[in-house]
Amino acid sequence: MCISYIGDPTTLEALVIREAQALADDLYEAKIAVASDCKVAVEAIKEGSASPYGAVIHEIIDRARFFNSCSFIHEFRTS
């Protein structure tokens, strides 16, 4: 996936998280954990934030309901 028109790293990370969910859905996974090094994006998902990329956050939250278990975890880059 190549997105050349978005320069905000947090928005890009939210899009990547959404794509991770799409991949897990395509693979018929029922329980997933999505790890990200972008703490702001993970917190926005957990809080249902109305940020500039809020539409993507709401898509992630809605899609999470289709899994038996879907968690979002912040991991430091050194992990």
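**Ground rules**

I'm working with a predicted model, where local features need pLDDT of at least 70 and side-chain atom pairs count only at pLDDT 80 or more, while totals for chains, interfaces and linings use all residues. Residues are numbered from 1 along each chain as its sequence is written, and side-chain values use heavy atoms, with hydrogens and water left out.

**Entry: H1 against H3**

I started with helix H1, residues 9–26. Helices here are DSSP runs of H or I with at least four residues, strands are runs of E with at least two, and numbering goes from the N terminus. I looked up helix H3 (residues 54–64) next: its axis and that of H1 come within 9 Å and cross at roughly 25°. Axes are lines fitted to C-alpha atoms, for helices over the stretch in contact, with angles from 0 to 180 degrees between N-to-C directions. I noted their crossing as left-handed, meaning that the near helix is turned anticlockwise from the far one by less than a right angle; clockwise would be right-handed. On the H1 side I found Ala14, Leu15, Ile17, Arg18, Gln21 and Ala22, meeting Val56, Ile57, Glu59, Ile60, Arg63 and Ala64 of H3. Contact means heavy atoms within 4.5 Å.

**Entry: glutamine 21**

Is glutamine 21 buried or exposed? I read a relative accessible area of 0%, so glutamine 21 is buried (under 20%; exposed is over 50%, partly exposed in between, with a 1.4 Å probe and protein chains only). Its side chain reaches the backbone oxygen of isoleucine 60 at 3.1 Å. Beyond four places in sequence, glutamine 21 also has contacts that include Ile32, Phe67, Cys70 and Phe72.

**Entry: H2 and its two partners**

I moved on to helix H2 (residues 39–47), whose axis comes within 9 Å of that of H1 and crosses at roughly 60°. That makes H1 oblique to H2. Thr10, Glu13 and Ile17 of H1 meet Val40, Ala41 and Ile45 of H2. With H3, I find H2 packing at about 60°, the axes 9 Å apart. Ala41, Ala44 and Ile45 of H2 make that contact with Ile57, Ile60 and Ile61 of H3. I have the H1–H2 crossing down as right-handed, and the H2–H3 crossing as right-handed.

**Entry: the strands**

Strand S1 (residues 31–36) and strand S2 (residues 69–74) pair in the parallel sense over six bridges; pairing takes at least two DSSP bridges. Valine 34 has phenylalanine 72 in S2 as its bridge partner. In a regular strand, side chains alternate between the two faces of the sheet. I checked S1: Ile32, Val34 and Ser36 form the covered face, and Lys31, Ala33 and Ala35 the uncovered one.

**Entry: two serines**

Serine 36 counts as buried, at 4% relative accessibility. I found its side chain in a polar contact of 2.7 Å with that of glutamate 13 (N or O atoms within 3.5 Å, one able to donate a hydrogen and the other to accept it within protein; residues adjacent in sequence count only if both atoms are side-chain atoms). Serine 71, in S2, is partly exposed at 30%. I also saw that serine 71 touches Ile32, Ala33 and Val34, residues up to four places away in sequence not counted.

Notes:
Parallel < 35°, antiparallel > 145°, perpendicular 65-115°, else oblique.
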